[in-house]
Amino acid sequence: MENVLARESFMSVLYNHKMMEARRRELRQNMTEAEERFWSVVRRQQILNTKFRRQFSIHTYVVDFYAAIPRLAVEIDGDYHLEPEAVAYDFIRQVEIENCGITMIRFTNQEVFNDLDRVVLRLTNVLQELLTKRSHSSP
């Protein structure tokens, strides 16, 4: 029971913490071209009526896109993410976010630019799977 209470307390301060507000705003105002393109297909609940938020903070990290229902984070990775230091950082970051009960999927800039239909299909499939699990686990 103590573990559950600690997790609930942690979760209450987990999202969009005030200290990250300026950073989130800056990132929203300076989205990459790939992020803008992705945003154009997920904004206004265009995919399975799922609401996405841009540049959403989870704990001390800011993810590119986040859907609270079904707890999905989406990252659009540029070439920088192929650097060894970035790969290590991204791994740790993803593990910590997933330990909060959030699923994370990643797309590269190239995937967004060269095959947006496939990106949307993969995203739709992941959303459908998560939403189905959620509806089966609800009382």
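Two strands are taken as paired if DSSP finds at least two bridges between them. Helices (H or I, at least four residues) and strands (E, at least two) are DSSP runs, numbered from the N terminus. This is a predicted model, in which local features need pLDDT of at least 70 and side-chain atom pairs count only at pLDDT 80 or more, while totals for chains, interfaces and linings use all residues. Residues are numbered from 1 along each chain as its sequence is written, and side-chain values use heavy atoms, with hydrogens and water left out.

Four strands form an open sheet of mixed pairing, in the order E1-E2-E3-E4. E1 and E4 are the edge strands, each pairing on one side only. Neighbouring strands are turned by 45° against each other on average, direction ignored. Axes here are lines fitted to C-alpha atoms, for helices over the stretch in contact, and angles run from 0 to 180 degrees between N-to-C directions.

**View B. Strand E2 and its two hairpins.**
E1 and E2 run antiparallel and are joined by five bridges; Arg54 stands opposite Phe65 in E2. The two strands form a hairpin with two residues between them, and His59 in the turn has a positive phi of about 60°. E2 also pairs with E3 in the antiparallel sense, over three bridges. Here Phe65 faces Val74 in E3, and Ala67 is opposite Leu72 in E3. The E2-E3 hairpin has four residues between its strands, with Arg71 in the turn at a positive phi of about 65°. Seven of the seven residues of E2 are buried, so this strand is largely enclosed by the rest of the structure. Buried means under 20% relative accessible area, exposed over 50%, and partly exposed in between (1.4 Å probe, protein chains only).

**View C. Helix H4 on the sheet.**
H4 (residues 84-98) packs on the sheet and touches E1, E2, E3 and E4, its direction making about 55° with that of E2. Contact means heavy atoms within 4.5 Å. The helix has 15 residues and reaches 21 Å from its first C-alpha to its last, close to the 21 Å expected at 1.5 Å a residue; the expected span is 1.5 Å times one less than the number of residues. Ala86, Asp90, Arg93, Gln94 and Ile97 are its buried residues. Seen down the axis of H4, these fall within an arc of 100°, so they line one face of the helix. The arc is that of the directions from the helix axis to the C-beta atoms. Pro84, Glu85 and Phe91, on the other side of H4, are exposed.

**View D. The buried face of helix H3.**
In H3 (residues 33-42), the buried residues are Ala34, Glu35, Phe38, Trp39, Val41 and Val42. They fall within an arc of 165° seen down the helix axis, so they line one face of H3. Their packing partners include strand E1 (53-58), helix H5 (109-114) and helix H6 (116-137). Just after H3, Arg44 takes a positive phi of about 60°.

**View E. Phe38 and the largest nonpolar core.**
A nonpolar core is a set of buried Ala, Val, Leu, Ile, Met, Phe, Trp, Tyr and Cys residues joined through side-chain atoms within 4.5 Å. The largest has 22 residues, and those with the most contacts inside it are Phe38, Phe52, Leu72, Val74, Phe107 and Leu123. H3, E2, E3, E4 and H6 each give two or more residues to this core, H6 giving the most, with six. Not counting residues up to four places away in sequence, Phe38 touches Phe65, Val74, Ile76, Phe107, Val112, Val119 and Leu123.
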